[in-house]
Amino acid sequence: MDNLSLFVIVLLAGITLVTVGITAARLLSPKSINFQKGEPYECGLPTHGTSWMQFRVGYYLYAILFLMFDVETIFLFPWSTVVRDIGMAGLVNILIFVVILGLGLAYAWKKGVLKWT
Amino acid sequence: MNYKQPLELNGLLLQLDLFLRGNLPPFWASLIEGLLILIAVLAAYAVIALILIYAERKVTAFFQARLGPNRVGKYGFIQSIADMIKILIKEIIHINRVDRFLFYAAPFFVICASVMAFGAIPFGQGLQAVDFNIGIVYVLAVSSLGIIGVLLAGWSSNNKYSMIGAMRSGAQFISYELSAAFALMTIVVMTGTMQLSEIVENQRYAWNIFNGHIPAIVAFVIYLISGHAETNRAPFDLPEAEGELTAGYHTEYSGMQFGFYYLAEYLNMFIIAAIATTVFLGGWMPIQIKGMDAFNQIMWYIPSYVWFIGKTAVLVFISLWVRWSFPRLRIDLLLNLEWKYLLPINLVNILIMVLIVLAGWTLTDLFPILFGN
């Protein structure tokens, strides 16, 4: 079988596992509806407000940095498979690319993005 | 050259394939094979999870000088089966103010991501469900889908602990994902292929970790650290730090839904160890010495899946050892470790590896008589 159908089979395996597991649990488990039981598990007092709020910006900056380097990863993987064949030219080209990205990281570092205040 | 292997499964699988194709129309044969693969993957997934949970509890107990589970069955062998049945008949509590659709969709993401990565692991000769020629990118891509499930779980639960846990988990996962990718890339530079089966075949006489010596060892250590962080296990278990966040992103989950998070956590630990084994430690390849046919033949008598499970078990044990030896880090120290140390080291490490490959300083290039394929 070709890889794509195998991939679909493995994906279906995951979906099957969760569906079967949760269906079985629903059939086997006891049910009792109680408003108190459905309250968020926080600290015993009635919950104050919702949790769907804006969150600290630090995480957002890490996400931006991640995006930069993750795109780099996708670009570097094809290069890494052929680097044996293209030799020194490949190394020099990628060196320029990596240095530019490294400067980006250094800039973010200098600006204090990586500091947690 | 392949030696004789009495206990290998690939011959059996080939026979089964021929039998099905010979006796059935192609469509039905493919359908039955697909179904068999699905069942085999799920069975392996479940069995490995149960064994890992038992092993972890037992090993932990010995680290802490206690006995661990020893009531259900001899030495507590069937404790995890009993736990599975217990969690299956637990009530799934309906929380009042959750985002219902996302709340129930989240376990699908987490489990699908780990099953899909699990399918790409070469357990032995021919024992691999999905073998893409971009295997490493595939594994990285599907295993990072799991974080979507974690973020959805934290967001949809409408609980402050879940929210904080999910945010921490997200930041931690995406940061360490980079290191894992770069560490694997270091080896791709050397092997020149991303197909997992080919990577294993290339390591017949020299495992990648020895073949690439210094940069490969650095990459191996970085991969273990970042893999450990990706699976959210102590000392990097901030997303579910029970002292501060009760249980982090899966606080509101109960019964079998919680069970799936538990399952995925253990399987992710196994997947990290298995990928490290495949890429760095020779995968299912037995220890081979070039020119010593008698020795090689004896090594081949041990089936390939036993080699694979053995090497993986060592790495899983190291992961448990680390877990019980170090205290938990703080979130900013954790992110500093990645962005200020591991990532720059990794970038330099790749360039060193390229230099070594181009200069012909890998072991296979230096000593082709001893290690060449």
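B:Tyr75 lies in the loop between helix 2 and helix 3 of chain B, where helices (H or I, at least four residues) and strands (E, at least two) are DSSP runs numbered from the N terminus. This is a predicted model, in which local features need pLDDT of at least 70 and side-chain atom pairs count only at pLDDT 80 or more, while totals for chains, interfaces and linings use all residues. Residues are numbered from 1 along each chain as its sequence is written, and chains are lettered from A and ligands numbered from 1 in the order in which they are written.

**Loop residues**

- The phi of B:Tyr75 is positive, near 55 degrees, in a residue other than glycine.
- B:Tyr75 counts as partly exposed because 14 other C-beta atoms lie within 10 Å; a residue is buried if 20 or more other C-beta atoms lie within 10 Å of its own, exposed if 12 or fewer, and partly exposed in between, with C-beta atoms placed from the backbone.
- B:Ala65 is also found in the loop between helix 2 and helix 3 (79-88) of chain B, and this residue, not a glycine, has a positive phi of about 55 degrees.
- B:Ala65 has 6 C-beta neighbours inside 10 Å and therefore counts as exposed.
- In chain A, A:Glu39 sits in the loop between helix 1 (3-28) and helix 2 (57-86), and with 16 C-beta neighbours inside 10 Å it counts as partly exposed.
- Leaving aside neighbours within four places in sequence, A:Glu39 is in contact with A:Thr47 and B:Asn96, two residues being in contact if their C-beta atoms, placed from the backbone, lie within 7 Å.

**Helix packing in chain B**

- Helix 2 (residues 26-63) of chain B and helix 12 (residues 255-280) of chain B have axes that come within 9 Å and cross at roughly 90 degrees; the axes are lines fitted to C-alpha atoms, for helices over the stretch in contact, and angles run from 0 to 180 degrees between N-to-C directions.
- Helix 2 of chain B and helix 12 of chain B are therefore roughly perpendicular to each other, given that angles under 35 degrees count as roughly parallel, over 145 as roughly antiparallel, 65 to 115 as roughly perpendicular and the rest as oblique.
- On the helix 2 side of chain B, B:Tyr45, B:Ile48, B:Ala49, B:Leu52 and B:Ile53 meet B:Leu263, B:Tyr266, B:Leu267 and B:Phe270 of helix 12 of chain B.
- The contact of helix 2 of chain B with helix 12 of chain B has nine nonpolar, no polar and no charged residues, where Ala, Val, Leu, Ile, Met, Phe, Trp, Tyr, Cys and Pro count as nonpolar, Asp, Glu, Lys and Arg as charged, and the others, Gly among them, as polar.
- Helix 7 (residues 160-191) of chain B packs with helix 10 (residues 213-230) of chain B at an angle of about 155 degrees, the axes being 8 Å apart, which means that helix 7 of chain B is roughly antiparallel to helix 10 of chain B.
- By class, the contact of helix 7 of chain B with helix 10 of chain B has 12 nonpolar, five polar and two charged residues.

- B:Leu152 has its place in helix 6 of chain B and, with 23 C-beta neighbours inside 10 Å, counts as buried.
- Leaving aside neighbours within four places in sequence, B:Leu152 is in contact with B:Leu102, B:Ala105, B:Ala106 and B:Phe109.
- The largest nonpolar core has 128 residues, and those with the most contacts inside it are B:Val115, B:Leu184 and B:Ala276; such a core is a set of buried Ala, Val, Leu, Ile, Met, Phe, Trp, Tyr and Cys residues joined through C-beta atoms within 7 Å.
- Helix 7 of chain B provides the largest share of this core, 20 residues.

**Interface between the chains**

- In the model, 64 residues of chain B are in contact with 56 residues of chain A.
- Helix 7 of chain B gives the most to the side of chain B that touches chain A, with 13 residues.
- The residues of that side of chain B divide into 39 nonpolar, 16 polar and nine charged.
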